[in-house]
Amino acid sequence: MVVGDSAFGCSALELETAARYNLPIKCIIINNNGISGGTEEITKEDNALSIPVNALLPNSKYELVSVAFGGKGKAVDNHKGL
C-alpha cells in the first residue's frame with residue numbers, strides 16, 4: 001500500500017492485522033510533514049503553539065511501527081535507498 005503520513009496515522013494499526021495473519025504486505029509512506037501540504041520545517045526552537053495544527057513531525061520513525069509488530073522497517077530519504 002502507498003499512503004501519506006497523515007493517512008498512515010489512520011491506518012497504521014492495519015500492520016498489526018497483517019502481522020497477526022502473516023500477510024506479505026509492503027507499506028510505503030510518503031512523508032510531506034502533515035495533512036495537505038504540512039509544513040516546510042519544524043525546528044527544536046518551535047513550541048507546540050507555533051507549529052501549524054496540520055503539521056506532523058518531518059523525521060517521524062514510521063518504519064518502527066512495523067518493527068514493533070515483528071515486521072521489517074526501513075527509512076528511505078532518496079531513491080538510491082531503495
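Reader: Among the elements of the protein, which helix has the highest mean pLDDT?

Author: This is a predicted model, in which local features need pLDDT of at least 70 and side-chain atom pairs count only at pLDDT 80 or more, while totals for chains, interfaces and linings use all residues. Residues are numbered from 1 along each chain as its sequence is written, and side-chain values use heavy atoms, without hydrogens and water. By mean pLDDT (the predictor's confidence in each residue, from 0 to 100), helix 1 stands lowest among the elements, at 88. The highest mean, 93, belongs to helix 3.

Reader: What pLDDT does the protein average?

Author: A score of at least 70 is reached by 78% of the residues. Over the protein, the average pLDDT is 82.

Reader: Which pattern does the protein follow along the sequence?

Author: The elements are DSSP runs numbered from the N terminus, helices being H or I of at least four residues and strands E of at least two. The protein has 3 helices and 2 strands. Read along the sequence, these elements follow the pattern β-α-α-β-α.

Reader: Is serine 11 buried or exposed?

Author: Serine 11 lies in helix 1, which covers residues 5-11. Buried residues, those under 20% relative accessible area with a 1.4 Å probe and protein chains only, make up 20% of the 82 residues in the protein. Serine 11 has a relative accessibility of 17% and therefore counts as buried.

Reader: From which residue does the backbone oxygen lie 3.1 Å from a polar atom of the side chain of serine 11?

Author: Serine 11 belongs to helix 1. A polar atom of the serine 11 side chain is 3.1 Å from a backbone oxygen, and the residue that carries this oxygen is alanine 7.

Reader: How many disulfides does a search of the whole structure find?

Author: Cysteine 10 has 74% relative accessibility, so cysteine 10 counts as exposed (over 50%). For pairs of cysteine sulfur atoms within 2.5 Å, the cut-off for a disulfide, the search of the whole structure gives a count of 0.

Reader: What distance separates the C-alpha atoms of lysine 72 and lysine 26?

Author: Lysine 72 is found in the segment after helix 3. Lysine 72 has a relative accessible area of 80% and is therefore exposed. Along the chain, lysine 72 and lysine 26 are 46 residues apart. The separation of their C-alpha atoms is 9.4 Å.

Conventions: A polar contact is a pair of N or O atoms within 3.5 Å; within protein, one must be able to donate a hydrogen and the other to accept it, and residues adjacent in sequence count only if both atoms are side-chain atoms.
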